[in-house]
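Dear colleague,

Please find below the structure that I am handing over to you. My notes on what was found in it follow directly after.

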Amino acid sequence: MNPQCARCGKVVYPTEKVNCLDKYWHKGCFHCEVCKMALNMNNYKGYEKKPYCNAMEQCSPAVFRSLQMEYSMCIQVAEDEDI
Ligand SMILES: [Zn+2]
Ligand SMILES: [Zn+2]
């Protein structure tokens, strides 16, 4: 059974699946919460289970500072899943 997209709630098939922040996303739905910029596994930052872009410092400076630690944690998880 395929998971549902955390953004739009529709089924996510393996070819379009992004698995991050303990959720599944369509590639097209995995975009910055603030500016809607398209993201991928290599350039997003996670905060409170939502993806943000690398321009967070401009998007939402208040969130940006507390975001640094969680970002590195999520990268660790992603590497473990590849093994
Ligand atoms: Zn979606
Ligand atoms: Zn953004």
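In which loop does Glu 48 lie? Glu 48 belongs to the loop between strand 3 and strand 4, where helices (H or I, at least four residues) and strands (E, at least two) are DSSP runs numbered from the N terminus. Its phi is near 50°, a positive value in a residue other than glycine. Glu 48 is exposed because 11 other C-beta atoms lie within 10 Å. On this scale a residue is buried if 20 or more other C-beta atoms lie within 10 Å of its own, exposed if 12 or fewer, and partly exposed in between, with C-beta atoms placed from the backbone.

Please note that this is a predicted model, in which local features need pLDDT of at least 70, side-chain atom pairs count only at pLDDT 80 or more, and totals for chains, interfaces and linings use all residues. Residues are numbered from 1 along each chain as its sequence is written, while chains are lettered from A and ligands numbered from 1 in the order in which they are written.

Confidence and overall layout

The protein chain has an average pLDDT (the predictor's confidence in each residue, from 0 to 100) of 81, and 77% of the residues score at least 70. Among the elements, the highest mean, 95, is that of strand 2 (residues 23–26), and the lowest, 61, is that of helix 2 (residues 61–82). The chain holds 4 strands and 2 helices, in the order β-β-β-β-α-α along the sequence. Of its 83 residues, 24% count as buried.

Strand 1 (residues 17–20) and strand 2 run antiparallel and are joined by 4 bridges; two strands pair if DSSP finds at least two bridges between them. Within this pairing, Asn 19 stands opposite Tyr 24 in strand 2. The hairpin has 2 residues between the strands, and Leu 21 takes a positive phi near 60° there.

Individual positions

Lys 36 is found in the loop between strand 2 and strand 3 (45–47). Its phi, near 70°, is positive although the residue is not glycine. Most residues other than glycine have a negative phi. Lys 36 is exposed because it has 9 other C-beta atoms within 10 Å.

Asn 54 sits in the loop between strand 4 (50–52) and helix 1 (56–59). It counts as partly exposed because it has 15 C-beta neighbours inside 10 Å. Residues up to four places away in sequence aside, Asn 54 is in contact (C-beta atoms, placed from the backbone, within 7 Å) with Asn 43 and Lys 45. Its C-alpha lies 9.7 Å from that of Met 37, a residue 17 places apart from it in sequence.

Cys 59 lies in helix 1 and, with 17 C-beta neighbours inside 10 Å, counts as partly exposed. Beyond its neighbours within four places in sequence, Cys 59 touches Cys 32, Val 34, Cys 35, Tyr 52 and Cys 53.

Yours sincerely

Conventions
Contact = placed C-beta atoms within 7 Å.
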